[in-house]
Amino acid sequence: HQYRNLTGKQQIHLDGHQHIHLVPIVLGCILDEAGQSEITWIRSTREPFPAGLPLKYWWQAWHHAGHLKWLILQILSLNAIHPLRRNHISTNSRFAGILFTGQMTSKPLLACWRELTCYRNNSRASPSILLAHPGGPLANDLHAAGFHVSHHFAASEWRQKEWNALNNFNSDRTSS
């Protein structure tokens with residue numbers, strides 16, 4: 001009820017932090033409430049392998065256990081598809097960013113983008129989703145403002161690299 005009061009929207013689109021909404025026990029609870037709560041969309045993490053990446057990016061993904069997270073989320077997403085359809089809940093067509101989570105620099109970003117944009121959406125799915133965790137330039141010291149963990153995360157080297165990659169990618173796409 002609070003969501004509806006704050007947003008004025010009746011339908012709920014669910015995108016759980018850390019993909020928690022795909023864990024079977026959590027998904028079961030969500031599906032039990034879906035009709036009554038008007039949950040009409042839930043994010044999936046079905047991620048294809050992007051083509052055309054140099055081996056060093058695959059090595060980084062392997063080294064940082066991106067493949068393990070990817071495998072677990074593929075299984076959870078595949079297990080969720082039929083229950084979602086049975087409950088008339090739509091989802092995104094594809095997703096990218098788990099394999100290279102925290103390392104979405106220029107080449108992985110471009111490879112994931114190409115993979116997502118070449119996939120044809122079906123009528124029951126929303127467009128594909130690209131996951132990144134950019135930090136961006138910090139105008140304020142988040143640590144001083146009481147956001148100790150957030151400051152460390154946003155100011156980290158990889159968050160800055162992702163910010164720059166997304167910024168450059170967006171500039172390249174809009175200038176072409």
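The model is a predicted one.

Backbone first. I recalled that most residues other than glycine have a negative phi. I then looked up E38, which sits in the loop between α2 and β2 (39–42). Its phi is positive, near 60°, and E38 is not a glycine.

H19 was my next stop. This residue, also not a glycine, has a positive phi of about 60°. I found H19 in the loop between β1 (12–14) and α2 (24–37). Its relative accessibility is 7%, and because buried means under 20%, H19 counts as buried.

Then the rings. How many aromatic pairs are there? I got 4. One of them is W113 with F169: the ring centres are 5.5 Å apart and the planes stand at 70°, so I logged the pair as edge-to-face. W113 belongs to helix α5 (residues 106–117) and F169 to helix α7 (residues 157–175), so this contact ties together parts 56 residues apart in sequence. Buried or exposed, I wondered, for F169? Buried, at 13% relative accessibility, while W113 is partly exposed at 28%.

I also noted a cluster in which ring pairs link F49, W58, W70 and F100.

Last entry: K161 lies over the face of W158, 4.4 Å from the ring centre.

Terms used:
Residues numbered from 1 in each chain as written. Predicted model: local features only at pLDDT ≥ 70, side-chain atom pairs only at ≥ 80, totals over all residues. Heavy atoms only, no water. Phe/Tyr/Trp six-rings, centres within 6.5 Å; stacked < 30°, edge-to-face > 60°. Helix = DSSP H or I, 4+ residues; strand = E, 2+ residues; numbered from the N terminus. Buried < 20%, exposed > 50% of the residue type's maximum accessible area, 1.4 Å probe, protein only. Lys NZ or Arg CZ within 6 Å of the ring centre and 35° of its normal.
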